[in-house]
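Look over the structure first, then read on.

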Amino acid sequence: MTAGHHLVVEGLHASAGGKAVVKGVDLSVSGGEVHVVMGPNGSGKSTLAHALMGRPGTTVTGGSIRLDGLELVGIPAWRRARAGLFLALQQPIEVPGVLLDAVMAEALAPDGSEEPTAERTPAGIEDRLRREAAAIGFDERFLRRALNVDLSGGERKRNEVLQLGVLRPPFCVLDEIDSGLDVDAVRAVARRIESATEEWGLGVVAVTHFHRLLRVLRADRVHVLVEGRIVASGGPELAEELEHTGYAAY
Amino acid sequence: MALPSDKEEVWRYSPIDALDLDGYAPVRPVPPGTSPDPLAAAFVAGVARDLPERAATVTTSGGAVTSVARHGLDEGVLVGSLADAGEGTLGRVLAGGDALVRLNDGFHPDAVVIDVPDGAVVADPIVVVHWCDAATAGGSGAAPASFPRTVVRIGRGASAGVVEVVAGPPQGRALVVPVTELHAEDGAVLSYVGLQVLGPNVWHIARIAAASERDASLRTFTVGLGGAYDRSRTDAVAAGAGSTTQLRSAYLGTGEQVHDVRTLQDHAAPHTTSDLLCKGAVAGSSRSIYSGLIRVRRGALRTEAFQTNNNLVLDAGAHADSVPNLDIEENDVRCSHASTVGPVDEDQRYYLESRGVPPERAEQLIVLGFFEDIIQRSPVPGSVERLRREVGIRLTEALHIGGGDGDG
Ligand SMILES: Nc1ncnc2c1ncn2[C@@H]1O[C@H](COP(=O)(O)OP(=O)(O)OP(=O)(O)O)[C@@H](O)[C@H]1O
Ligand SMILES: [Mg+2]
C-alpha cells in the first residue's frame, strides 16, 4: 500500500428528491485500492456517488463518510474536493464559456492552508493538461474549449479522467467512466487510472456495468449494489460472474 | 407629437410613460475648432487601444461629426458625414417610425455615413464613437438630448464590419436616441457591433433598422451595459431571397437599471434564414425585458427562423421578462423559439464545486462564461477585447468581486 489514506463509509443512508435511495452502505477504501460497484439500473449507484461528493439535493439521512478521519457529511462539495475527493460524473455537465484550464487553476488555487507549488502556476497546469491529454489520447484542441461544450459523450468521459490526472486527488469516485467510450479509449482510460493508483496511491471507487473495464484496471474488491444496499462483495471474479448471470439472483 | 405608451405591445413592460421630454433640450453642435473634451478624448483613445486594427475612426459629439480618421482605407469607401453623401442617404432602410425615430429625424445634427462600394472588402472594422455629453446642452437646467444617426450601406458582393459605440460621462442625466440604418446589398456581408456604455442616469432609446438583399449576410451584435433605461429595438428585414441574418444581443443589469431589447426578424423573401440569440443577466434590483417577433410573410417560402433568449437572474430583487412571438403566414417554414429565465444553473455550479472551486468563484466563472460564450462569437472579431473589458468591469460590480462587501 502506498499512501496511508483511508476513505471509510459507514451505514450511509441518502435520499434524492425526497426519496430514500441509498439504504445503508459500508465501504472501506485505502489509498491505492480499486473498489468496483456494480448493480442494476436505478439501484442507487449514482446517488451513492453524489452523496459521497455532497451534491445539493442529495441528502445524507444517516451514517458517515470519513476521509482520513475527517467527517465529510455536512460539508459542501468543494471542501470535500479539497479534502481529497474527486467525482467523475456519469453525465459531465456543459459549462458554456468556461475554459478547462481556468477551472483547473481555480481548483488548484491555494485556499490558505496549502502552499503554492510550481505545478499550480499557469505554465505548470498547462503542462499537466498536455501530459494527461497525451496519456489518454485526448485531442489537445479540446483543451481550449469551454467545459464539455461540443464534446461527444466519450470525449466528455475522457475529459473527466484528464481532470482527475491534473488534480491528483487521493480518492476518486468514477461513475460509469467507461460508458460511451470506444474500446481503445476504455483501455487508455483504465490504464491511466491503474497507473495513478501507483503513481500517487489513488484510491478508486468505480461504478460500472461492464467487466471489460477490469481487464486493465485491477479491482481489489467488487460490490453489488441492489436497491440501495450492498448485497454481495467479492474479488474480481465476481464481476465476471455477474456479466454471465446478471442480477437475477439478488 | 404623442410619445409612445406602455399600452402598445412594443412598449409593454417598459417605463416609457415616465419619459418627460420637457426635461430635455437637444445638444448644440460643438463649433468647429473646439478642443475636444478630455473625457471624450480619453475614452476614444481607450477604444482605439482595444481595437488596434481599424480601417477608420469616426467620432461625434452628440451626433455631430467631430473627426474622421482613415487608416489606409481604400479611397472608394466613403466614411464621413451627411455632407459627403448623396441625396436620399437617410431613410432607405427605415421609412417612418415611432415618435422617437421622428425626434431623431428632426433633431439629428448630422449623420455618420459609411458606404462601401460594390465588391470592396474592408478587412478591419470601421469604428464610430458617439460621445453624448451635457457640455454642449442648451436651455436652462434642461438635461441634454442627443440624436446620433448612422447609416451603413455595403454594396453588392462587398464586405465590412462596423463597431458603433455610444458613450458619455459617468455623471448627469441625459437622453440619447440613436437611429442606425444597416443595408446589405446583394451578396454583401455586413457585420455590426453596437456597444452602449452610457452613464447610469441616462435614458437610451435606440433603433436599428437592417435590411439584407439577395444572398446577403447580415450579422449584428448589440450590447447594452449603461443607462438607467436602456432600450434597443432591432428590426431586421430579410428582403432578398437567400439572405441570412444573425442577430445577437447581450445585456447586463446592475443597480436599478432597466434593459429592454426588442427584435423583429421579418422574412419578406423565400429561402431566408435568421438566427437570434439574446443573453442577459440582471443583478441587484435591475430588470430586463426581451421581446422578439419572428414574422414570416406570405411568399417567404422555406424560411428558417430561430430565436433564443437566455436570462440569468443573479439576485432576489432582480427580474427578467421574456416574450417570444411568432407571426407566420406561410406553411413551408421552420421556426422555433426558446427562452430561459432563472438563477445560475445548480448542476453547473455543483460540477465546478466538485472540482474544488469555491461556490462564489464557481458562480463568477459561470456568469463570466455566460457572456464570454456570446462575446467570443462577435461578428466583428476585433471588438472582442473591448466587449470583454466593458462586460468584465460591470460583472465585477454585479458579482461583488474583489470588493470588501462580499454579501449583497
Ligand atoms: N432527484 C431525484 N428525484 C427522485 N428520484 C430520484 C432522483 N435521483 C434519483 N432518483 C431515483 O433513485 C433511484 C436510483 O437512481 P440512481 O441514478 O442512483 O441509479 P443508478 O444505479 O445510478 O442507475 P443507472 O445504472 O441507470 O445509472 C432511481 O429509481 C431514480 O429514479
Ligand atoms: Mg447512474
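## The interface

Chain B and chain A bury about 2000 Å² between them, with 65% of it on carbon and sulfur atoms. Buried area is the accessible area (1.4 Å probe) that two parts lose on being put together, summed over both. In chain B, the most area is lost to chain A by Y350(B), Y351(B) and R355(B), together 39% of what that side buries. In residues, 20 of chain B are in contact with 30 of chain A; contact means heavy atoms within 4.5 Å.

Three salt bridges are found by the rule across this interface. The rule asks for a side-chain nitrogen of Lys or Arg within 4 Å of a carboxyl oxygen of Asp or Glu. R355(B) forms a salt bridge with E160(A), and the closest N and O atoms are 3.0 Å apart.

## Basis of the model

This is a predicted model: local features need pLDDT of at least 70, side-chain atom pairs count only at pLDDT 80 or more, and totals for chains, interfaces and linings use all residues. Residues are numbered from 1 along each chain as its sequence is written, chains are lettered from A and ligands numbered from 1 in the order in which they are written, and side-chain values use heavy atoms, leaving out hydrogens and water.

## Helix pairs in chain A

Helices (H or I, at least four residues) are DSSP runs, numbered from the N terminus. Axes are lines fitted to C-alpha atoms, for helices over the stretch in contact, and angles run from 0 to 180 degrees between N-to-C directions.

Helix α5 (residues 153-167) of chain A packs with helix α6 (residues 183-199) of chain A at an angle of about 15°, their axes 11 Å apart. α5(A) and α6(A) are therefore roughly parallel, the term for angles under 35 degrees; over 145 is roughly antiparallel, 65 to 115 roughly perpendicular and the rest oblique. The contact is made by R158(A), V161(A) and L164(A) of α5(A) and A185(A), V189(A), R192(A) and I193(A) of α6(A). These residues divide into five nonpolar, no polar and two charged.

The axes of helix α3 (residues 100-108) of chain A and helix α4 (residues 122-135) of chain A come within 10 Å and cross at roughly 120°. That makes α3(A) oblique to α4(A).

## A helix pair in chain B

Helix α1 (residues 38-50) of chain B and helix α5 (residues 384-398) of chain B pack at about 125°, with axes 8 Å apart. α1(B) and α5(B) are therefore oblique to each other. F43(B), G46(B), V47(B) and D50(B) of α1(B) meet E385(B), R386(B), R389(B) and E390(B) of α5(B).

Methods: Helices (H or I, at least four residues) and strands (E, at least two) are DSSP runs, numbered from the N terminus. Ala, Val, Leu, Ile, Met, Phe, Trp, Tyr, Cys and Pro count as nonpolar, Asp, Glu, Lys and Arg as charged, and the others, Gly among them, as polar.
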